[in-house]
Amino acid sequence: MAKLITVFGATGSQGGSVASALLEDQDFKVRAVTRNASSDKAKALQEKGAEVVVASLDDPSTLEPALKGAHGVFVVTNYWEHMDKERELKQGKAVADAARAAGVLHVVFSGLENVQKIAGFPCPHFDAKGQIEEYMTSLELPVTFVRYSFYYENYTSLMKPQKQEDGTYVLGVPMEGAAMDGVSAGDMGPAVREVFKNWAEWVRRSVGFSGDKLTIQQYADILSKHLAPKVFKASDMTADAFGQLGFPGADDLGNMFKFYRLHNPDRSADLTRQLHPAAKTFDTWVGENKDVLQNALD
């Protein structure tokens with residue numbers, strides 16, 4: 001009998017990829033959670049065979065019906081929507097409590113490290129997820145933590161290369177020469193599906209998703225190869241200087257890059273490919289997304 005998996009964030013990049021991958025497998029049924037069932041993405045999931053339900057992580061009373069009868073649940077929280085660490089932590093605790101009350105047999109949580117605890121400096125969008133991981137562990141939930149690396153997709157939005165006066169483009173990722181793991185957020189659905197398929201093997205474990213580990217100059221060289229005649233190069237900015245840029249979240253992101261460089265968090269391309277052999281390298285992803293990248297730059 002097909003196992004029912006509730007997927008939070010089902011119209012977002014992580015949850016959407018997970019829902020789509022599960023719907024391709026007859027061993028699973030999907031209950032897609034959204035706050036807006038009439039959105040195009042929600043309707044598309046319904047057409048693929050998902051049960052679409054309305055619930056909000058901010059309203060615990062909606063969580064119990066979303067989890068009723070589910071074998072498993074994929075949970076993702078979004079710090080950046082409100083940039084409020086305490087609100088994200090409250091959301092994560094609410095869904096953890098609801099999963100426990102519903103007797104869910106496998107929780108897969110998109111977590112991250114508690115940087116404040118590990119490194120001694122704050123990184124709110126990591127720290128909230130790290131604290132949610134700790135809370136889920138304290139409840140003895142049957143949980144697997146999946147930790148995504150820096151998204152390739154960020155190069156089309158948040159960290160879009162900036163055009164310089166000489167016509168070249170700078171990747172403003174302040175890694176100060178160190179290599180950084182990257183992954184396509186929209187490509188990890190099959191890896192999460194494999195975790196759900198083999199829940200007994202993965203329960204109470206963590207896996208750090210990575211499709212590639214490159215220096216920022218290597219990321220830049222791949223962009224130059226595919227998007228010629230445009231030329232890309234790495235920034236020489238430090239993480240501390242990035243944190244002083246003054247836009248909302250700059251200090252948070254600067255400390256993330258510093259954490260990446262100083263603490264080299266556990267992300268594994270090998271383990272990721274055991275779960276999802278076709279996980280995309282950055283080179284493959286850029287080749288498939290040239291138009292998106294060109295449009296973002298023009």
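A residue is called buried when its relative accessible area is under 20%, exposed when over 50%, and partly exposed in between (1.4 Å probe, protein chains only). This is a predicted model, in which local features need pLDDT of at least 70 and side-chain atom pairs count only at pLDDT 80 or more, while totals for chains, interfaces and linings use all residues. Residues are numbered from 1 along each chain as its sequence is written, and side-chain values use heavy atoms, with hydrogens and water left out.

**Stop 1: the whole chain.** Select everything. Of the 298 residues, 54% are buried. Along its principal axes, the C-alpha trace spans about 60 × 40 × 35 Å.

**Stop 2: cartoon view.** The chain has 15 helices and 13 strands; these are DSSP runs numbered from the N terminus, helices (H or I) of at least four residues and strands (E) of at least two.

**Stop 3: the loop with Arg267.** Select helix H12 (250–263) and helix H13 (269–275); Arg267 lies in the loop between them. Is Arg267 buried or exposed? Arg267 has a relative accessible area of 10%, so it is buried.

**Stop 4: around Arg267.** Show the side chain of Glu113, which makes a polar contact with the side chain of Arg267 at 2.8 Å. A polar contact is a pair of N or O atoms within 3.5 Å; within protein, one must be able to donate a hydrogen and the other to accept it, and residues adjacent in sequence count only if both atoms are side-chain atoms. Next, select Phe126, Tyr148, Asp181 and Phe209, which are among the residues in contact with Arg267 when its neighbours within four places in sequence are left aside. Contact means heavy atoms within 4.5 Å.
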